[in-house]
Amino acid sequence: MSFDLQANYEPRGDQTQAIEKLTRSIIHGNCHQTLLGVTGSGKTFTAANIIQNINRPTLIISHNKTLAAQLYSEFKQFFPNNAVEYFVSYFDYYQPEAYIPRSDTYIEKDSSINEEIERLRLSTTSSLMTRRDVIVVASVSCIYGLASPEDFLQMLFTIKKGTIINREELLRRMVEMLYERNEIEFSRGRFRVRGDVVEVHPAHNEEKAIRIEFFGDEIERISLFDPLSGRAEGELTHFTLFPAKQFVTPQNKLQQAIITIKAELKERLSWFEENGKYLEAQRLKMRTDYDLEMMQEMGYCNGIENYSRHLTGRTTGTSPYTLMDFLPKDAVIMIDESHATLPQISGMYAGDRARKMTLVEYGFRLPSALDNRPLSFSEFMKIEKQKLYISATPSKFEICNSFVGNMGFLEESEITPHKASLIKPNPSEEKLDIRADKTPLIVEQIIRPTGLLDPRILIRPLQGQIDETIELCRTRIEHGERILITTLTKRTAEDLSDYLKEVGLKVTYLHSDVDTIERVEILRSLRAGECDIVVGINLLREGLDLPEVSLVCILDADKEGFLRSKTSLIQTAGRAARHIHGEVVLFADTITESIRALLEVTEYRRGRQLEYNKKNNITPKSVERPIQKSLRVVLQNDPNTLINEAPHDRAAFIQELKNEMGIASSKMEYERAALLRDQIKELQSVKNHSSPLLKSKQQKKSKR
């Protein structure tokens, strides 16, 4: 199938030339290309048009789940007739296994798996195995290890009408694929048997189940049915069943892996004993023997991914299998907000290895556990897939590699001052067309279809910055507009928020100590006018869509560093780019290199947009988007009353919340589902009529 883009508008502004140039670059075979698109220029729509033009499977990587969910929703709307998949970490809560030698503290792995997201991950690998029109929106979890694609493909089982197969053989195959038999609770990843009828609920499909009816040893009928009502919804001639989990291994490979694990264990125990580490030897023997017994009896064990090197037959130090190995050879990788996503990918490997080295050294894991890891940055970049970097502020790495074309990639250390000098606010066509094929590898998307200009940049002295900020805020509030203020520290954000409240302003603060769901609620309340000002640090940057914000105040803007770098300033200033009265005030006594870069880029972009507006007779208009409903669940009872209810009433209420959480999850409303999950945990933790969450809130209030 081809990709079928459906939208009620056409490319406008810079989108047309960006789509044409990048399509040409990818079709020609260039390894690296960059879309330098400003905030509000429609980069997602451009990416969707490129996917339709090249007609290839595409992986889109985002640097956090929230943005990934937003992209997934947008691409589902653009491509309703194609397979748009969502692949993020399926842990609602994850505490990795670790050991702290100084205090002799072992922290066991603890996790809470979101079954809906696990289903979506299985759906992703299944789609990649069976069709071409696939778009996968993923977080950086896609660089972590999975089972071998060959093993996954080998474990597929196609059931055909009229096939001669013993019923017990069918059940054995399903058990090998890690399906569980359960006659009472029929849910995803399980099967049940009723005489000559076998019913299985595929792991990657929440809504439909399969009923297989035998006549002797012949499959007489295969039908699709609703697992809730049991009502048949049509007959099938054949059906392909996918494994219930992503770590699956054929029986012959599992037996071979058990042999090699035992050999490694023997070798490691000898090393510990030769070095007088008898405690570590005993610890490792007990852990590994238990895991081996579970694998022999059940085909699976907790932490089986730590034996992935043996299960997949890889040699020591080789790259793990990841989602990238499930992609077809001609697939394209798009990296959204590349200036933030690539550094995140770069940092995964070292952190994971440091933690596991301690576990191996003290006998909690075999050395082969080190090969259960994310890809290193070099391994990721060497993947033979064409890459498109998308960002309003691409770094030197993306820009310089986009000039390399098909000649591999440049490491950070290889980017010389000469190569870095190619990065200009307005790179010329002559520099772009340095490839023999004259294909531009860096494409600007500066023009916004709405006609909106980049916000004006004003510089004010540091002295009296708080008083001036207050006056600026009051002026904006009188016109019904919103304000963002950025500080350098959490303490400053909190203190400034308290001070602004004392002078009569509706304000709240936002930083990393605020829960994820609470952050979403704060930003929703800002848009709804429940508060007028949000004071933050570096959370007010890429990915925040706040059309009501017309003013961004950046305090201490001349304190050069991570929070006041060129990238940070441009991204933060972009938060005011969706309002016609957008303005950014920098409080600084000196013009740093980062401030100078911001002024140059803003001047260039405003000039381009003004020229376009004049030429096409466009009157700029602020972006208008509906305000989402509150993620908070409106409880009819007061929380304190709820806590003092009888246990059976509380249990009923918890079950009701669980049902709502399931509905929200099925609708891809993951933020709402996460909020419901947190409320469920709070109610479940209630003991002696006291809630830890309420206690902590009361303690915070008393401290204030």
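Helices here are DSSP runs of H or I with at least four residues, strands are runs of E with at least two, and both are numbered from the N terminus. What you have open is a predicted model, where local features need pLDDT of at least 70, side-chain atom pairs count only at pLDDT 80 or more, and totals for chains, interfaces and linings use all residues. Residues are numbered from 1 along each chain as its sequence is written, and side-chain values use heavy atoms, with hydrogens and water left out.

Start with residues 465-478. That's helix 15, with 14 residues, and from first C-alpha to last it reaches 20 Å, close to the 20 Å expected (1.5 Å times one less than the number of residues).

Now show side chains. Gln465, Thr469, Ile470, Cys473 and Arg476 are buried (under 20% relative accessible area with a 1.4 Å probe, protein chains only; exposed is over 50%, partly exposed in between). They sit on the same side of helix 15 because they cover an arc of only 135° around the axis, taken from the directions from the helix axis to the C-beta atoms.

Step past the helix to Gly480, which follows helix 15 and has a positive phi, near 75°.

Next, jump to strand 2, residues 58-61. Thr58 and Ile60 are buried on one side, Leu59 and Ile61 on the other, so both faces are covered. Finish on Leu59, which stands opposite Val136 in strand 8 and opposite Ile333 in strand 17.

Definitions and conventions
Pairing = 2+ DSSP bridges.
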